[in-house]
Amino acid sequence: MLTLDAPAVAAPVRRSSARRRRVVFVVAGVIAAALIAGAIAIAVAGAFSAAVAPFTTLEPFSPTAEDGLIAEGETVTLDDEVAAIARLNPELRDAMRAAEADAANDGLSFRVMSGWRSVEYQEWLLEDAIELYASEEVARQYVASPDRSTHVTGDGIDIGPIDAQFWLMTNGSRYGICQTYANERWHYELATDPGGVCPEMKSDAAS
């Protein structure tokens with residue numbers, strides 16, 4: 001009986017051994033595939049990082065006086081030799097100087113809040129306004145795009161303080177100077193002939 005039963009016991013042992021070998025082979029294959037996939041992923045990631053590195057390491061734009069920046073708290077007059085003044089349209093600059101000379105008789109002086117600006121500075125201001133208002137539509141009511149801005153062409157100037165603004169609202173047309181945006185009492189341009197009538201103001205910079 002033992003001799004006849006021996007094959008019946010031995011056969012399952014052989015099948016179990018073969019099965020273990022197949023399992024080991026499959027596991028080894030899965031591990032190898034995972035290692036290869038990981039190596040490929042690392043290589044691709046490295047190549048991507050190298051490709052975008054020139055862009056991600058660029059310094060963010062920061063306006064300077066050469067871009068027309070007038071820093072907060074800085075007092076700039078129409079006679080200062082800075083880019084914001086020097087690169088204004090000469091006709092606008094001369095008209096503003098003539099107006100200021102007459103305003104001085106009323107005890108007033110003009111402070112330039114902003115004058116000429118570079119394209120890059122104007123774009124930076126627009127992007128900052130979009131972030132501030134969380135709306136491009138609202139931002140464009142106060143900051144024009146570089147292709148529409150009279151600051152970029154040197155044909156627009158922002159004047160303070162408030163008493164100088166009111167003086168220009170009343171007397172600016174005598175020099176051809178007009179407030180051009182209803183929502184910006186500080187923004188002036190040459191918009192008429194000296195002694196002429198100022199055109200109707202636009203509602204905002206987006207108009």
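By class, the lining of the largest pocket holds 16 nonpolar, 8 polar and 9 charged residues, where Ala, Val, Leu, Ile, Met, Phe, Trp, Tyr, Cys and Pro count as nonpolar, Asp, Glu, Lys and Arg as charged, and the others, Gly among them, as polar. This is a predicted model, in which local features need pLDDT of at least 70 and side-chain atom pairs count only at pLDDT 80 or more, while totals for chains, interfaces and linings use all residues. Residues are numbered from 1 along each chain as its sequence is written, and side-chain values use heavy atoms, with hydrogens and water left out.

**The pocket**

- A pocket is found on a 1 Å grid over the protein atoms alone, as an open set of points where a 1.4 Å probe fits, with protein on both sides within 12 Å along at least five of seven lines, and its lining residues have an atom within 4 Å of a point.
- The largest pocket holds about 770 Å³ of space, a volume being the space filled by probe spheres set on the grid points, which are joined across faces, edges and corners.
- Its lining consists of 33 residues, and those nearest the centre are Ser-114, Arg-117, Leu-125, Asp-158 and Trp-186.
- Strand 1, helix 4 (119-133) and helix 6 (150-153) are the elements that give two or more residues to this lining, and helix 4 gives the most, with 8 residues; helices (H or I, at least four residues) and strands (E, at least two) are DSSP runs, numbered from the N terminus.

- Four strands form an open sheet in the order 1-2-4-3 with antiparallel pairing, where two strands pair if DSSP finds at least two bridges between them.
- The edge strands, each pairing on one side only, are strand 1 (111-114) and strand 3.
- Strand 2 (residues 157-160) is joined to strand 4 (residues 187-190) by 2 bridges, and Asp-158 has His-187 as its bridge partner in strand 4.
- Strand 3 (residues 177-179) is joined to strand 4 by 3 bridges, and the partner of Ile-177 in strand 4 is Leu-190.
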